[in-house]
Amino acid sequence: MVVIGEMGDAGRQEQLALGEVPNLAARLQGLAEPNTLAISEATYHLVEGYFTCEALREQTLRGVSQPLNVYRVLGASGVHSRLDIVSVRGLTPLVGREQEVGFTS
């Protein structure tokens, strides 16, 4: 959960985000070397295949209850769709569909 809102008075207002996500983002930013990008395992699973990433060692971060697997993004992979990713990894095998697979057009 994240709470976002304006803080301050009429003379000085700013947007403020509070919650686990901004805290985690700040901690990951602190781990990243200059000109690099560090991401959590959850983000890695979302971008896996679209970007080439390097696994870093598990990190214990202040304000985060469990150690996290952290990844460094190395660059774009050149893949543009989930079908491209699947074609590299291979399709999930069909189980129990021998009859259907045996049909020919």
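User: What is the mean pLDDT of the protein, and on what basis are its features reported?
Analyst: Since the model is predicted, local features need pLDDT of at least 70 and side-chain atom pairs count only at pLDDT 80 or more, whereas totals for chains, interfaces and linings use all residues. Residues are numbered from 1 along each chain as its sequence is written, and side-chain values use heavy atoms, with hydrogens and water left out. The pLDDT is the predictor's confidence in each residue, from 0 to 100; 90% of the residues reach 70 or more, and the mean for the protein is 84.

User: Which element has the highest mean pLDDT?
Analyst: Helices (H or I, at least four residues) and strands (E, at least two) are DSSP runs numbered from the N terminus. Among these elements the lowest mean pLDDT, 70, belongs to helix α3 (residues 82–89), while the highest, 95, belongs to β5.

User: What is the order of the strands in the open sheet of three strands?
Analyst: Two strands pair if DSSP finds at least two bridges between them, and here four bridges join β3 to β5, while five join β4 to β5. Both pairings are antiparallel, and β3 and β4 are the edge strands, each pairing on one side only. The order is therefore β3-β5-β4.

User: Which residue of β5 is the bridge partner of F51?
Analyst: The strands β4 and β5 run antiparallel and are joined by five bridges. Within β5, G75 stands opposite T52, and the bridge partner of F51 is A76.

User: At about what angle does α1 run to β3?
Analyst: Axes are lines fitted to C-alpha atoms, for helices over the stretch in contact, and angles run from 0 to 180 degrees between N-to-C directions. Helix α1 lies across both β3 and β5, and the angle it makes to β3 is about 140 degrees.

User: Why does L24 count as buried, and which residues is it in contact with?
Analyst: L24 lies in helix α1, and it counts as buried because its relative accessibility is 18%, where buried means under 20% relative accessible area, exposed over 50% and partly exposed in between (1.4 Å probe, protein chains only). Its C-alpha atom is separated by 8.0 Å from that of G63, 39 residues apart along the chain. With contact meaning heavy atoms within 4.5 Å, and leaving aside neighbours within four places in sequence, L24 is in contact with S40, L61, V64 and L68.

User: Is Q59 buried or exposed?
Analyst: Q59 is placed in the loop between β4 (51–55) and β5 (70–76), where it touches L31, P67, L68 and V70, not counting residues up to four places away in sequence. A polar atom of its side chain lies 3.3 Å from the backbone oxygen of R57. Because its relative accessible area is 13%, Q59 is buried.

User: What is the phi of N35 near, and where is this residue found?
Analyst: Most residues other than glycine have a negative phi. N35, which is not glycine, has a positive value instead, and this residue is exposed, with a relative accessible area of 85%. N35 is found in the loop between α1 (20–31) and β3 (37–40), and its phi is near 65 degrees.

User: How many of the eight residues of strand β1 are buried?
Analyst: Strand β1 (residues 2–9) forms a hairpin with β2, with two residues between them. Eight bridges join β1 to β2 (residues 12–19), the two running antiparallel, and V2 stands opposite G19. Strand β1 lies largely in the open, because the number of its residues that are buried is zero.

Methods:
A polar contact is a pair of N or O atoms within 3.5 Å; within protein, one must be able to donate a hydrogen and the other to accept it, and residues adjacent in sequence count only if both atoms are side-chain atoms.
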